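Had a look through this one, as you asked. My notes are below the model.

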Amino acid sequence: MVPHLTTALSGPLLELEKAFLDNSTRIEQWLRGQWLEHTPPFYASVDLRNNGYKLAPVDTNLFPGGFNNLNPAFLPLCVQATMSAVERLCPEARDLLLIPENHTRNQFYLQNVATLATILRQTGLNVRLGTLIPEITEPTPIDLENGQRLLLEPLVRSQYRLGLKDFDPCAILLNNDLSAGIPDILKDLNEQFLLPPLHGGWAVRRKSHHFAAYDEVARAFGEALGLDPWRINPYFSVCNQINFHERQGEDCLAANVDMLLTRIREKYREYGIDETPFVVVKADAGTYGMGVMTVRDASEVVGLNRKQRNKMSVIKEGLEVSEVIIQEGVHTFETVDDGVAEPVVYMMDRYVVGGFYRVHGSRSRDENLNAPGMHFKPLAFETCCNQPEHALGPDAPPNRFYAYGVVARLALLAASVELERTAPEE
């Protein structure tokens, strides 16, 4: 279920893509074996960076909010993969409750919700939308700019179940990443499937836990293929007890930045890479590209000015940042429409179902692209296939997208390992 990519793109010929192309059978066998031992998340998206010598995930989202950015041709793939997930998790499912974010004014996000609901309904599920917004006390229609309409309904809670008036679902799908915390109404639902689990939300989840799991997955995958895992794995470290407003934790931050840059320089020398290494400092919990800073020297994180401290100190829902992950930066050598671009790959169950490029016309190739001014370029597929095109070169679009799909699925596998390890004890 890895489709062909037909969107025009430019980028260097990858030795890494050739390795994936030559070992595609072994790769699929290895991944199939892993899914016998681990359960994939219901859905996920992975941000990748590709610089010609390295193709690595830089973020994995367990509550993807860009289904509206997928090419409509992806919908049959999404429906098929969703059917697989539903049949495995809740084979008798008929009714599903979808709980979105509280973004009632964000048209792009609401279009994502509408697309996701369409996918779910096409699997044969009755889908209704429940909201965590306390002000919504009766069914409330929301009109979208594209002509669609959503109906948000207040949640109804019994002792162990959650639903709506006259609607008792057997499964609940969260498209809300719980950045603001886990509301009581979602706790102790012992009789229903809750997807993803509560500890997958940012109230509990940490990026460092994910990349620790990914480090193990990349090492095992590298050993299976005879591949240096660094080629698909960004170095990282963590600083806890950070307070940007009070300038607490600067020494920890500077020391970790210096350590990582030293390790990266050693790898650059090993591979003859003539680039300036950098790291990305970002909140260990959270999303939406908030609390992110590109750093090229340890001195840059000492004595931050007020504007920089304010930018780094608060993330989504106004939450204060107290923990940061320092992650090896991966340049992106890809461009779309004359803008710097990075691929975002979408998966449902264990299948790649599509993706798009995040493009930014005013950012450079070593900067965060998830920022105001970005736009999305859907990846267009000719047909779907399970294997790359061996008759074509490693850099041909189908093979490049196959490489994206491989690394994204490794991140998905890491997410499943992460969720297993961080699950609360019953």
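Here are a few points on the sheet, the helix packed on it and the disulfide.

1. Ground rules: this is a predicted model, where local features need pLDDT of at least 70, side-chain atom pairs count only at pLDDT 80 or more, and totals for chains, interfaces and linings use all residues. Numbering starts from 1 along each chain as its sequence is written, and side-chain values use heavy atoms, leaving out hydrogens and water.

2. The sheet is open and mixed, with six strands in the order 6-7-5-4-10-11. Strands here are DSSP E runs of at least two residues, helices H or I runs of at least four, numbered from the N terminus; two strands pair if DSSP finds at least two bridges between them. Strand 6 (140-143) and strand 11 (193-195) are at the edges with a single partner strand each, so one side of each lacks a neighbour in the sheet.

3. Strand 6 pairs with strand 7 (residues 149-154) in the antiparallel sense over four bridges. Asp-143 has Arg-149 in strand 7 as its bridge partner.

4. Helix 4 (residues 107-121) packs on this sheet, touching strands 4, 5, 6, 7 and 10 (contact means heavy atoms within 4.5 Å).

5. The whole structure has one disulfide (cysteine sulfur atoms within 2.5 Å): Cys-239 to Cys-252, S to S 2.2 Å. Cys-239 sits in strand 12 (residues 236-239) and Cys-252 in helix 6 (residues 250-271), so the pair ties together parts 13 residues apart in sequence. The link is left-handed, at -105 degrees about the S-S bond.

Note on methods
Axes are lines fitted to C-alpha atoms, for helices over the stretch in contact, and angles run from 0 to 180 degrees between N-to-C directions.
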